[in-house]
Amino acid sequence: MFGKERITAVMSLTMVVTTAAYTAEKIDIDKYDMISIYKNTPSFVTKMEKKNAKFANEGSNPYKIMEKAALTCKSLGFVKHTKQDFGDHVLYHYTKMVKNDVEAVCDENIYKGGTENFAVLVDGND
């Protein structure tokens with residue numbers, strides 16, 4: 001019914017589109033010094049965390065919410081971490097010294113029962 005070339009082309013296009021949707025953009029940790037990454041998050045947690053980020057930072061700290069973020073703290077240059085297991089998710093807390101003796105923080109929250117990925121970036125140096 002479908003030729004082998006057509007199926008291969010559709011599969012390749014699907015992979016390119018999916019990869020593009022999850023491509024991490026360049027993040028300047030000298031600007032955004034508080035980073036929270038959420039992986040496999042249930043939708044109700046996603047809504048709550050985004051609302052909390054807006055409430056905590058609106059009008060006081062520049063912030064950005066990245067949808068479908070495929071990030072890790074390690075990919076941003078963070079190395080040392082502590083780990084906390086909360087049952088429904090695991091939190092990895094990283095710190096790193098950046099310019100002007102500022103300590104950048106990256107929290108990676110990996111949930112055990114969701115499908116949504118996003119990140120909250122906050123410029124707390126103002």
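Reader: How many bridges join strand β4 to strand β5, and which way do they run?
Author: 10 bridges join β4 (residues 89-98) to β5 (residues 102-111), and the two strands run antiparallel. Strands are DSSP runs of E, at least two residues long, and helices are runs of H or I of at least four, numbered from the N terminus. The model is predicted: local features need pLDDT of at least 70 and side-chain atom pairs count only at pLDDT 80 or more, while totals for chains, interfaces and linings use all residues. Residues are numbered from 1 along each chain as its sequence is written, and side-chain values use heavy atoms, with hydrogens and water left out.

Reader: Which residue in β5 is the bridge partner of His93?
Author: Asp107.

Reader: What is the order of the strands in the sheet?
Author: The six strands form an open sheet, β2-β6-β1-β5-β4-β3, with mixed pairing. Two strands pair if DSSP finds at least two bridges between them.

Reader: Which strands stand at the edges?
Author: β2 (63-67) and β3 (81-85) do; each has a single partner strand, so one side of each is left without a neighbour in the sheet.

Reader: New topic. Which residues does the disulfide join?
Author: Cys73 and Cys106, with S to S at 2.0 Å; a disulfide is a pair of cysteine sulfur atoms within 2.5 Å. Cys73 is in the loop between β2 and β3 and Cys106 is in strand β5, 33 residues apart. The link is left-handed, with -80 degrees about the S-S bond.

Reader: And pockets: how much space lies in the largest one?
Author: About 170 Å³. A pocket is an open set of points on a 1 Å grid over the protein atoms alone, where a 1.4 Å probe fits, with protein on both sides within 12 Å along at least five of seven lines; lining residues have an atom within 4 Å of a point. The volume is the space filled by probe spheres set on the points, which are joined across faces, edges and corners.

Reader: Which element gives the largest share of the lining?
Author: β1, with four residues. The elements giving two or more residues are β1, α2, β5 and β6.
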